[in-house]
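The sequence and structure come first, and the notes follow by topic.

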Amino acid sequence: MKLKWKFTLLFTLILTGTFVLSAVFTSYRSYESSRKTTDELSLQLMASKASEVSGWLSQRIRELHTISRTPTVTAMEETALKEYVTKLSSDMDAYYGNEYGTFGINDFSGLEYITENQTIDVRDRSYFKEMLITDKPYLFSAPVSSKTDGTPITVLCYGISDEDGSKKGFVAASISLKKLTEITGNLSIYEGKTMIMDRRGMMYTMGAESYPKEILLKIRESIPSDSPFPVIQKAIDENHHVFYAEIPSSPGWYLCTLVENEKLYQEASALSLSLSKVFVTMFGAGILGAFFISSQITRRITNLSVAMDHVQEGNFNTRLSVQGNDEIAELSHHFNSMLKDLRRLMNEVVETQKEKRKRELEILQAQINPHFIYNTLDTLQWKALEYGASDLSELILSLSSFFRVSLSKGKEMIPLREEIKHVRSYLDIQKARYEEILTYEIQVEESLDDVFLPKILLQPLVENAIYHGIKPKLAQGKISILAQLEGEDLLLTVQDNGVGMTEELVNQLEEAFEGKRAPVSYGLHNVHQRIRLTYGTPYGLHVESCLQDGTAVTIRLPMEKKEEMYDV
């Protein structure tokens with residue numbers, strides 16, 4: 001009898017230890033995986049919002065660039081200037097978040113024309129003093145109070161130059177901090193609070209009074225002085241994380257989002273708690289089963305011990321053959337039932353992670369680049385003003401085609417002919433904007449028109465070629481798109497004759513595609529990840545480039561012509 005209970009106790013300890021170890025390991029891995037997914041998605045959302053803010057600021061800079069080169073402004077004739085600046089403010093105040101008095105034109109005497117009947121003295125303003133000595137084409141001021149209505153603003157200044165390049169004054173535009181607050185206000189990451197701050201700790205959005213002073217100080221102290229990545233995450237104390245996203249086209253500005261750890265990892269904690277409850281239940285069932293083991297130790301005990309060893313090694317497909325109607329048979333039955341629950345739970349964890357990744361990609365695919373929309377609409381406006389709207393109908397037609405294919409009534413897979421139509425519309429729009437420097441060529445065999453592929457693969461590659469290849473070249477550029485077969489694979493190549501890339505940068509892109517480093521180009525990276533998630537290895541992107549000789553990006557896809565496979 002004593003021998004029976006000693007063995008029962010030994011078996012109980014083995015069973016308990018096995019399931020405790022499995023519970024701790026599985027719970028820990030699931031929690032860490034969920035945290036990692038949460039962090040990655042948050043960083044991508046921050047990068048997307050920073051790009052939107054950058055696009056808005058870049059649009060304002062381009063507007064001032066255009067204004068500073070109009071004949072009325074460069075002539076600096078007082079009467080004409082007053083009429084011009086009054087008209088500017090009347091037409092464009094809303095873009096900058098002001099009710100009136102957005103624009104001012106300054107000479108270097110310190111006199112600023114803001115309406116037909118009003119001038120102000122800005123000699124005491126720091127931005128005026130800096131414009132006197134800076135070599136930069138433009139600058140943003142620290143937050144100040146508007147001399148027009150007292151509202152908090154930052155002033156964007158753009159220099160006015162003579163034909164010989166010497167500066168004679170500058171255009172100033174007041175950007176309301178309310179407007180910047182409005183732009184950042186729709187970013188919600190786990191109920192976090194978002195603001196714009198520069199490396200000096202100056203605040204360019206409103207609402208800082210709602211932050212505890214000690215938290216605000218920690219946010220300022222943690223602003224990156226020099227970061228190798230455009231988006232980073234920092235723990236500023238034991239209860240808070242801050243996501244910092246550098247805003248391009250701005251003077252050291254960062255998009256900062258403060259998130260409570262409890263909210264940030266709420267889903268991961270809930271998953272860990274659920275796993276703990278399941279394993280506690282399984283642990284209790286194992287203890288209960290062990291105490292019913294009889295003294296009749298047979299071969300089935302050995303089989304059970306071996307099966308448990310398999311589970312401890314990570315093999316969850318083990319199953320015991322239930323024989324007899326005694327305590328060992330009952331324990332074997334419980335063992336099989338618990339393994340079934342464990343497999344189900346593991347599958348649920350895997351499916352949860354897949355679903356999160358799917359939702360993340362759906363969010364990125366569903367986003368239509370806001371700064372592209374703003375640029376396109378602005379192009380239509382200026383075309384109408386400059387050319388009497390003669391090109392407006394063609395631009396609207398291309399834009400409509402672009403949006404129609406982008407949305408595709410919710411379809412994920414589209415024929416190649418629709419993808420080519422989509423990218424052609426995009427190129428026509430961009431060609432209207434950059435008609436002096438951009439041409440394109442598309443070569444696709446008719447036999448490939450009905451090949452199906454995930455939508456919006458080519459447009460991000462073409463956009464990358466324009467902005468990083470053709471525009472920096474500052475000369476005539478060409479983009480070529482080629483579709484061809486290689487064996488059973490479809491190859492889509494986007495090639496430009498732009499400035500190209502170094503071998504080091506090409507290697508960094510390829511490493512990022514394979515997950516060996518953080519993404520270098522989010523547009524290319526997202527296209528590659530979509531293809532990998534849909535088709536797996538070896539499909540995806542391949543980049544070839546030579547500095548000053550252009551870049552070629554090739555998409556490799558399997559041939560798909562079975563229309564019934566997709567909701568088309």
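The model is predicted. Its protein chain contains 16 helices and 18 strands.

**Overall make-up**
- Of the 568 residues in the protein chain, 47% are buried.
- Among contacts in the protein chain with a separation of 6 or more, 64% are between residues 24 or more positions apart.

**Aromatic pairs and cluster**
- Eight aromatic pairs are found in the structure.
- One of them joins Y138 and Y158, whose rings are stacked, with 6.1 Å from centre to centre and 15° between the planes.
- The angle of 15° between the planes of Y138 and Y158 is under 30 degrees, so the pair counts as stacked.
- Y138 belongs to strand 4 (residues 138–140) and Y158 to strand 6 (residues 152–161), so this pair ties together parts 20 residues apart in sequence.
- Y138 has a relative accessible area of 26% and is therefore partly exposed.
- Y158 has a relative accessibility of 8%, so Y158 counts as buried.
- Y138 and Y158 also belong to one aromatic cluster, together with F140, Y204 and W253.

**Charges over rings**
- R60 lies over the face of W56, 4.8 Å from the ring centre.
- The charged end of R60 also sits over the ring of Y96, at 5.2 Å from the centre of that ring.

**Helix 15 and helix 16**
- Helix 15 spans residues 503–513 and helix 16 spans residues 522–535; their axes come within 10 Å and cross at roughly 40°.
- Helix 15 and helix 16 are therefore oblique to each other.
- The crossing of helix 15 and helix 16 is right-handed.
- On the helix 15 side, L509, A512 and F513 take part in the meeting; on the helix 16 side, L524, H525, H528 and Q529 do.

**T439 and its surroundings**
- T439 is placed in strand 13, which runs over residues 438–444.
- The relative accessibility of T439 is 28%, so T439 counts as partly exposed.
- Leaving out residues up to four places away in sequence, T439 touches K431, Q476, G477, K478 and I479.
- One of these residues, G477, is 38 residues from T439 in sequence, while the C-alpha atoms of T439 and G477 are 6.4 Å apart in space.

Key
Residues are numbered from 1 along each chain as its sequence is written. This is a predicted model: local features need pLDDT of at least 70, side-chain atom pairs count only at pLDDT 80 or more; totals for chains, interfaces and linings use all residues. Side-chain values use heavy atoms; hydrogens and water are left out. Rings of Phe, Tyr and Trp (its six-membered ring) pair if their centres lie within 6.5 Å; planes under 30 degrees apart count as stacked, over 60 as edge-to-face and the rest as tilted. Helices (H or I, at least four residues) and strands (E, at least two) are DSSP runs, numbered from the N terminus. Buried means under 20% relative accessible area, exposed over 50%, partly exposed in between (1.4 Å probe, protein chains only). A charge sits over a ring if NZ of Lys or CZ of Arg is within 6 Å of the ring centre and within 35 degrees of the ring normal. Axes are lines fitted to C-alpha atoms, for helices over the stretch in contact, and angles run from 0 to 180 degrees between N-to-C directions. Angles under 35 degrees count as roughly parallel, over 145 as roughly antiparallel, 65 to 115 as roughly perpendicular and the rest as oblique. A crossing is left-handed if the near helix is turned anticlockwise from the far one by less than a right angle, and right-handed if clockwise. Contact means heavy atoms within 4.5 Å.
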